[in-house]
Amino acid sequence: MSIRISNRDARHLWLSLQGLSDPPTGPAEPRATIGKLGFVQLDSIQVLSRAHHHILWSRNQNYREPMLNTLLAEDRTVFEHFTHDASVLPIETYPYWRAQFDRRKSRMDQKGWFKTALTKVDTEDIKSRIANEGALSTEAFDTKIEGPKEMWSRPPHKQALDYLWYAGELATCHRHNFKKFYNLPERVIPDTLRDQHINHTDQIDWLCTQAIDRLGFATSGDIKRFWEAVDTSDVKNWMTTANLIDVEVQTASRQWLPMQAPADIAQRLDQITAPTSRLRILNPFDPVIRDRDRLSRLFGFDYRIEIFVPAAKRQWGYYVYPLLEGDRFVGRLEAKANRNKGEISITQLWSEPGIRWTDARAKKLDAELTRMGRFIGAPNILWNCPRTPNTG
């Protein structure tokens, strides 16, 4: 008989594995946080704080924004590559990431627009320039977009840089104001890791094992979506031989879904405790939010980021922050910072259906906004909407 995991226990285990169970206090250790999560997504949009900084701050509120680039550019304890999007990963992941380099290169080789770009730019010339001149950003090259400019249009040299980066032939050296600088891998990745050659089967085994360890319980789709570095067939083949056990996980709608879990799942469940009751403002790209299917199954919270939705068609807003209190999503917040003026403006607030917005809950949100203000240097909180939330 498979182990049954109640919805409450499932939420507690997932939040614990994702670093959102304990109070976010104590010494800031962003490298340890990245190791616990497996990766942290990078994103250029800065409304309060960019996604990568916000994700790390949510787990330890002594984190400060310059700390991440120190890990990447100076300590070399993380590297940057593509999971489901651009992300930073623990440097020890690198030998197992060759499967992703090969996977991404194969997919790019099949895309006509990459092939076209590569006929207009000499990739060996790009690498030679970097070898001779040092780390370069896209601004060091001057090819132009041909034809009409569209949202995702890139000049040929940018597409070539992306190709070499996806394929592992270039590495991110550092970022300046979020601008990426490319360098040769041998100047960025320690030799001891770059020289390790792990066979493909062992790479897939490691990636899948690491994914389910961080998920706690999963379907094959959950495992695939975790890194987005393995194909569905790889996951399903791995699951037939991996040391997993069958479990049933209760959803927020009280259904029981068959999944699989690590062999020590019973011990893990015995050790979990209820998460802190603190209210947290989470980033839309937070790993707990990112997999919308898992989010909806476990929490009954349906979330969509609407940055690409025309304003007239948005249900919520351009950049809306989920509010997590304990093990429940209790609301959504639309806010924007003006760092030059030291202000955070609150433009909309919603509570989730069935959530009563008590004075105690309002005070928790005020406290979190104050903490966010300290983090980004915007201590003045301006309410441009009623403090009593709309019902979602």
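Helix 11 (220–227) gives the most to the lining of the largest cavity, with three residues. Helix 14 (287–290) is the other element that supplies two or more residues to that lining. This is a predicted model, and the largest cavity in it holds about 90 Å³ of space. Among the residues around that space are Trp-14, Leu-37, Phe-39, Asp-222, Arg-225, Phe-226, Pro-287 and Arg-290. By class, the lining divides into six nonpolar, one polar and five charged residues.

How many cavities of 30 Å³ or more does the structure hold? There are two.

| Space | Volume | Lining by class |
|---|---|---|
| Largest cavity | about 90 Å³ | six nonpolar, one polar, five charged |
| Second largest pocket | about 420 Å³ | eight nonpolar, eight polar, five charged |

The second largest pocket, then, has a volume of about 420 Å³. Its lining counts 21 residues, and those closest to the centre are Ser-16, Gly-19, Ser-21, Asp-22 and Lys-36. Helix 1 (7–17), helix 2 (30–37) and helix 13 (265–271) each give two or more residues to this lining.

Five bridges join strand 3 to strand 4 (residues 86–90), and Phe-82 stands opposite Ala-86 in strand 4.

Next, a look at one loop. Gly-342 sits between strand 11 (328–338) and strand 12 (343–351). Is Gly-342 buried or exposed? Gly-342 is buried, because its relative accessible area is 8%, under the 20% cut-off. Leaving aside residues up to four places away in sequence, Gly-342 touches Gly-377, Ala-378, Pro-379 and Asn-380. Gly-342 and Asn-380 are 38 residues apart in sequence, yet 6.1 Å apart in space from C-alpha to C-alpha.

Finally, the cysteines. Cys-173 counts as buried at 9% relative accessibility, and Cys-208 is buried too, with a relative accessible area of 1%. The structure holds zero disulfides.

Methods. Residues are numbered from 1 along each chain as its sequence is written. This is a predicted model: local features need pLDDT of at least 70, side-chain atom pairs count only at pLDDT 80 or more; totals for chains, interfaces and linings use all residues. Side-chain values use heavy atoms; hydrogens and water are left out. A disulfide is a pair of cysteine sulfur atoms within 2.5 Å. Buried means under 20% relative accessible area, exposed over 50%, partly exposed in between (1.4 Å probe, protein chains only). On a 1 Å grid over the protein atoms alone, a cavity is a set of points where a 1.4 Å probe fits but cannot get out, and a pocket is an open set with protein on both sides within 12 Å along at least five of seven lines; lining residues have an atom within 4 Å of a point. Grid points are joined across faces, edges and corners, and a volume is the space filled by probe spheres set on the points. Helices (H or I, at least four residues) and strands (E, at least two) are DSSP runs, numbered from the N terminus. Ala, Val, Leu, Ile, Met, Phe, Trp, Tyr, Cys and Pro count as nonpolar, Asp, Glu, Lys and Arg as charged, and the others, Gly among them, as polar. Two strands pair if DSSP finds at least two bridges between them. Contact means heavy atoms within 4.5 Å.
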